[in-house]
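Subject: Structure handover and findings

Dear colleague,

I am passing on the structure we spoke about, and below it you will find what came out of going through it. Please read the text with the model open beside you.

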Protein chains: 2
Amino acid sequence: MKDIRVGVDVGGTTVKLGLFRADTLTDKWEIPTRTEKNGVGILSDIKDSIEEKLKEKNISKEEVLGVGIGVPGPVDAEGIVHGCVNLGWQTFSVEKELGELLKLPVKAGNDANVAALGEQWQGGGRGCGSMVMITLGTGVGGGIVLNGKILAGVHGAAGEIGHMPVVYDETEYCNCGKKGCLEQAASATGIVRTAKRLLAQSSQESTLRGREDFTARDVFDEAKKGDALAGQAVERLGEYLGIAAAHIACVVDPEVFVIGGGVSRAGEVLIETIKKYYKEKAFKGTREAGFKLAELGNDAGIYGAARLL
Amino acid sequence: MKDIRVGVDVGGTTVKLGLFRADTLTDKWEIPTRTEKNGVGILSDIKDSIEEKLKEKNISKEEVLGVGIGVPGPVDAEGIVHGCVNLGWQTFSVEKELGELLKLPVKAGNDANVAALGEQWQGGGRGCGSMVMITLGTGVGGGIVLNGKILAGVHGAAGEIGHMPVVYDETEYCNCGKKGCLEQAASATGIVRTAKRLLAQSSQESTLRGREDFTARDVFDEAKKGDALAGQAVERLGEYLGIAAAHIACVVDPEVFVIGGGVSRAGEVLIETIKKYYKEKAFKGTREAGFKLAELGNDAGIYGAARLL
């Protein structure tokens with residue numbers, strides 16, 4: 001019986017791999033991502049590493065259902081990767097190339113979408129067929145899972161919710177070239193910038209004042225301790241996320257929003273702040289959608305990749 | 001060979017019916033919607049009318065693939081209608097009930113979603129598997145078709161884009177109880193209100209000034225003739241629709257937006273105005289999405305209903 005799956009999550013510096021027996025992750029390991037020469041060796045490194053692991057575990061390829069792989073770039077429905085800047089990759093079929101190397105079925109997806117699928121399968125979205133993942137890190141990413149399947153979009157841009165134009169009075173440019181993206185208000189970078197702006201705009205007392213290099217975590221920590229200015233920064237982040245989630249709900253009407261990424265370590269205060277604004281902004285038919293924290297952390301990618309099969 | 005389908009579009013005053021042979025609409029007709037006694041007679045009226053038409057056309061039920069029906073209320077994936085206020089209907093399975101009456105397979109969907117499916121099949125979205133329909137009438141409705149299938153959403157609220165909270169400075173309430181819905185700025189009612197506000201806010205000359213009961217059509221007509229104030233009202237409608245479309249694209253990344261409803265009779269000027277703001281607000285990966293006018297008018301519902309099968 002084919003009950004072995006391998007999930008692969010290709011990042012800019014390491015490739016994470018996971019071996020699943022039935023639905024259980026039994027082994028996980030990492031190899032470095034060799035980005036030199038336009039990443040030409042990445043897939044053969046992955047092949048060697050998987051074959052070595054199967055040998056070590058005494059698993060024959062006949063037992064392997066296949067290999068799922070998440071990559072940091074747009075992937076279309078045929079498994080064609082349309083360039084991964086961080087890896088040096090151009091346009092080619094990862095599914096075909098890795099499949100020929102391994103002589104196993106391979107399914108590929110965009111890493112953010114694949115992580116969303118992982119959370120929907122065994123993380124914060126467990127039990128919900130339709131889920132929207134919002135990943136709050138240096139930027140804001142996302143992934144949409146509908147009826148248990150990733151929505152990739154016609155240009156591979158479905159779930160790019162970090163670039164929803166929600167901030168109307170933004171004066172600075174986002175990395176994408178527009179002004180007013182959700183990412184500018186709701187990422188780790190965004191909340192720090194909000195706090196710095198609030199400090200500059202007033203002489204309000206704050207435990208953040210005079211500290212030059214505070215982080216998103218510091219803003220949440222000070223807000224939790226009762227610092228009013230830090231609290232305002234958290235409110236602003238929650239407000240824009242609440243508005244964005246209300247928009248998303250009018251479009252795909254999911255069962256649950258799962259919040260992940262580094263900023264989500266702030267925990268329940270983050271969820272409660274987003275929910276407060278969501279309830280105020282959301283269309284009545286969608287107001288009961290749930291908000292959950294992500295549960296799989298950095299393993300979401302290997303879970304989701306395995307689930308692609 | 002079963003190549004006959006019937007599409008039924010149930011409205012608050014009339015039921016529209018269409019007979020399709022292969023993919024061609026060969027007959028269409030209407031019957032009144034008997035809403036008395038909580039609409040208890042509606043389905044049997046539909047049954048009688050379909051059977052009469054089949055008899056008239058000398059078509060046996062063996063040739064009929066089935067009947068699709070669009071209803072004005074939320075319909076879940078199992079074909080259960082969750083209340084239709086305009087018809088007096090409570091929660092029940094239209095598919096099961098009409099199927100038992102007709103002894104034919106029946107598929108049901110929400111009328112706005114079904115109209116979107118019709119436009120995707122044989123209207124403005126022809127040839128595009130993934131399409132978002134935006135219907136600009138007294139309110140703003142919508143429907144999402146992904147890979148040729150309607151997205152209903154977990155609460156039947158997918159595509160309820162009229163209630164996306166895009167207007168941040170709105171002071172009046174929407175019918176839904178919130179403030180700042182897209183519908184408040186971009187419906188026929190919305191553009192008239194915008195024009196009236198602009199008239200009240202300034203003494204700017206306008207051909208609309210002094211006219212008490214102008215319509216959305218008048219605003220577009222005067223804008224086309226060069227009236228600056230009417231032009232501003234059109235710009236505002238286009239701006240909010242452009243922003244909403246940019247949000248939608250970050251979520252589902254469709255191939256095309258199809259604009260329908262009474263306001264869409266304004267034609268290319270509407271499309272061009274929305275596109276101008278969309279290009280400015282949309283994430284780069286989604287900027288090439290198309291904008292088309294709807295083509296099927298009031299027949300979109302019967303087309304989409306037939307396509308449900």
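**Domains of chain A**

Chain A is divided into domain 1, which takes in 4-118 + 299-307, and domain 2, which takes in 128-293. Please keep in mind throughout that this is a predicted model. The C-alpha centres of domain 1 of chain A and domain 2 of chain A lie 30 Å apart, and the contact takes 13 residues from domain 1 of chain A and 13 residues from domain 2 of chain A. On the side of domain 1 of chain A that touches domain 2 of chain A, the elements that give two or more residues are β7 (106-110) and α4 (111-122) of chain A, and the largest share, 5 residues, comes from α4(A). Sorted by class, that side of domain 1 of chain A has 8 nonpolar, 4 polar and 1 charged residues.

**Overall build of chain A**

The secondary structure of chain A comes to 10 helices and 12 strands. With a radius of gyration of 20 Å, close to the 19 Å that the globule rule gives for 309 residues, chain A is as compact as a globular protein of that length. Its C-alpha trace spans about 65 × 45 × 35 Å along the principal axes, and 54% of the 309 residues of chain A count as buried. Among contacts in chain A between residues at least 6 apart in sequence, 63% join residues at least 24 apart.

**Strand β1 of chain A**

How many of the residues of strand β1 of chain A are buried? For this strand, residues 4-10, the count is 7 of the 7, so β1(A) is largely enclosed by the rest of the structure. In a regular strand the side chains alternate between the two faces of the sheet. Here A:Ile4, A:Val6, A:Val8 and A:Val10 point one way from β1(A), while A:Arg5, A:Gly7 and A:Asp9 point the other way, and all are buried.

As for its partners, β1(A) runs parallel to strand β4 (residues 64-71) of chain A, to which 6 bridges join it, and in this pairing A:Val8 stands opposite A:Ile69 in β4(A). It is also joined by 7 bridges to strand β2 (residues 14-21) of chain A, and these two run antiparallel; A:Val6 stands opposite A:Leu19 in β2(A). β1(A) and β2(A) form a hairpin with 3 residues between them.

**The five-stranded sheet**

In chain A, 5 strands form an open sheet in the order β10-β9-β8-β11-β12, with mixed pairing. The edge strands are β10 (149-150) and β12 (290-293) of chain A, each of which pairs on one side only. Strand β8 (residues 131-136) and strand β11 (residues 256-260) of chain A pair in the parallel sense over 5 bridges, with A:Val132 opposite A:Phe257 in β11(A). The helix α4(A) packs on this sheet, touching β8, β9 (140-146), β10 and β11 of chain A, and its direction makes about 55° with that of β9(A).

**Contact between the chains**

The contact takes 33 residues from chain B and 33 residues from chain A. On the side of chain B that touches chain A, β9 (140-146) and α8 (228-252) of chain B are the elements that give two or more residues, and α8(B) gives the most, with 7 residues. By class, that side of chain B has 19 nonpolar, 9 polar and 5 charged residues.

With best regards

Technical notes
Residues are numbered from 1 along each chain as its sequence is written. Chains are lettered from A and ligands numbered from 1 in the order in which they are written. This is a predicted model: local features need pLDDT of at least 70, side-chain atom pairs count only at pLDDT 80 or more; totals for chains, interfaces and linings use all residues. Two residues are in contact if their C-beta atoms, placed from the backbone, lie within 7 Å. Helices (H or I, at least four residues) and strands (E, at least two) are DSSP runs, numbered from the N terminus. Ala, Val, Leu, Ile, Met, Phe, Trp, Tyr, Cys and Pro count as nonpolar, Asp, Glu, Lys and Arg as charged, and the others, Gly among them, as polar. A residue is buried if 20 or more other C-beta atoms lie within 10 Å of its own, exposed if 12 or fewer, and partly exposed in between; C-beta atoms are placed from the backbone. Two strands pair if DSSP finds at least two bridges between them. The radius of gyration is taken over C-alpha atoms; the globule rule is 2.2 Å times the number of residues to the power 0.38. Domain bounds come from an automatic or database domain assignment. Axes are lines fitted to C-alpha atoms, for helices over the stretch in contact, and angles run from 0 to 180 degrees between N-to-C directions.
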